[in-house]
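User: Got a structure here that I'd like to walk through with you. Can you load it up so we can start with one of the helices?

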Amino acid sequence: MTSPGLHVRGTARIGDTHVFGPLDLTVAGGEWTCLLGPSGVGKTTLLRLVAGLDRVTTLDGQIAASDGKPLQGRLALMAQSDLLMPWLDVMGNTLLGARLRGERPDRHRATDVLARVGLSDHIHKTPGQLSGGQRQRVALARTLMEDRAIVLLDEPFSALDARTRSQMQDLACDLLAGRTVLMVTHDPTEAARLGDTILIMEPGGLSPFAPPPGATPRPIDDPATLTAQADLLTRLRNSAA
Ligand SMILES: Nc1ncnc2c1ncn2[C@@H]1O[C@H](COP(=O)(O)OP(=O)(O)OP(=O)(O)O)[C@@H](O)[C@H]1O
């Protein structure tokens with residue numbers, strides 16, 4: 001799959017209230033871009049605008065794919081809240097996208113993806129019977145099932161315990177290889193492990209942070225990755241000051 005890049009530029013507002021910008025974001029095709037920044041700076045709003053899901057915010061600017069083709073139908077969003085349907089079980093939620101599009105659901109692939117996110121024993125449970133981390137893994141499975149060229153992830157691993165989080169990072173990196181991924185995260189470790197590009201969003205715009213060398217997912221004990229995560233945390237502490 002050849003995945004296009006993304007370009008977002010402009011200023012976002014709700015009515016007369018400024019939300020973010022002016023901002024100029026380029027997301028390279030087929031790579032992971034990690035976006036960090038203080039709470040309330042507009043990261044989720046940016047993802048929702050790109051996904052075409054924000055009915056409240058106005059972007060005075062432009063959102064475009066690098067190949068000039070429409071984004072519609074080529075993009076999946078894993079939102080901050082898991083948005084699981086409470087009346088559907090884990091399998092039903094995982095297959096929801098296909099059902100809504102009137103496609104034949106691929107149960108075989110869903111079974112495989114659910115096994116890879118560690119939910120084989122929970123396939124027939126409803127969201128109310130799951131922990132927060134398990135629900136987040138269902139949402140991740142549903143996003144992986146969408147099979148889109150551009151994937152937007154909003155703090156996808158935030159509810160997971162440290163062990164599961166590192167495993168899901170490895171899995172997402174594997175299953176989303178070659179896709180264009182824009183991920184919002186508050187976790188410097190995550191950005192240092194997964195980012196081909198790392199950007200910090202601040203009220204004044206975006207600033208780059210040089211990712212550590214090496215292919216992603218970078219090992220959790222790689223010295224350069226550990227140094228990068230410490231440097232990144234220092235940058236975030238200074239930028240929030
Ligand atoms: N529906 C809304 N109506 C009014 N203001 C909103 C609405 N949604 C978001 N905002 C405001 O827009 C700004 C950006 O919010 P957003 O959720 O995008 O920030 P964020 O960087 O993703 O924060 P966090 O890291 O805490 O998730 C915030 O000041 C927020 O209060």
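User: What does the face of α4 turned away from its buried side carry?
Analyst: That face of α4 carries the exposed residues H108 and D112. Helices here are DSSP runs of H or I with at least four residues, strands are runs of E with at least two, and both are numbered from the N terminus.

User: And which residues are buried in α4?
Analyst: A110, V113 and L114 are buried in α4, which spans residues 107-116. They cover an arc of only 100 degrees around the axis, so they sit on the same side of α4. The arc is that of the directions from the helix axis to the C-beta atoms. As a general point, an α-helix has 3.6 residues a turn, so residues three or four places apart point the same way.

User: What covers that buried side?
Analyst: The cover over the buried residues of α4 includes α2 and α5, the latter being residues 132-146. Just after α4, G118 takes a positive phi of about 80 degrees.

User: Before I go on, where do these coordinates come from, and how are residues numbered?
Analyst: This is a predicted model: local features need pLDDT of at least 70, side-chain atom pairs count only at pLDDT 80 or more, and totals for chains, interfaces and linings use all residues. Residues are numbered from 1 along each chain as its sequence is written.

User: What's the confidence like?
Analyst: Mean pLDDT of the protein chain is 93, and 99% of its residues reach 70 or more; pLDDT is the predictor's confidence in each residue, from 0 to 100. Confidence is lowest in helix α3 (residues 96-100), at a mean of 87, and highest in strand β3 (residues 32-36), at 98. The model scores ipTM 0.94 and pTM 0.93.

User: Ok, on to the ligand. Which residues are around it?
Analyst: The residues around the ligand are I14, V19, G37, S39, G40, V41, G42, K43, T44, T45 and V56. To make that list, a residue's C-beta atom, placed from the backbone, has to lie within 6 Å of the molecule.

User: Which helix gives the largest share of that shell?
Analyst: Helix α1, residues 43-51, with three residues.

User: How does the shell split by class?
Analyst: Four nonpolar, six polar and one charged. Ala, Val, Leu, Ile, Met, Phe, Trp, Tyr, Cys and Pro count as nonpolar, Asp, Glu, Lys and Arg as charged, and the others, Gly among them, as polar.

User: Zooming out, what's the overall picture?
Analyst: The protein chain has eight helices and nine strands. Its radius of gyration is 18 Å, which agrees with the value near 18 Å for a compact globule of 241 residues. That radius is taken over C-alpha atoms, and the globule rule is 2.2 Å times the number of residues to the power 0.38. Of the 241 residues, 39% count as buried.

User: Which residues other than glycine have a positive phi?
Analyst: D147 is one, with phi near 55 degrees, and E155 has a positive phi of about 45 degrees. D147 is in the loop between α5 and β6 (150-154), while E155 lies in the loop between β6 and α6 (162-175).

User: Why does D147 count as partly exposed?
Analyst: Because it has 15 other C-beta atoms within 10 Å. E155 is partly exposed too, with 19 C-beta neighbours inside 10 Å.

User: Last one: where's L88, and what does it touch?
Analyst: L88 is in the loop between β5 (75-78) and α2 (90-94). Not counting residues up to four places away in sequence, L88 touches N93 and L96.

Conventions: Contact = placed C-beta atoms within 7 Å. Buried ≥ 20, exposed ≤ 12 C-beta atoms within 10 Å, placed from the backbone.
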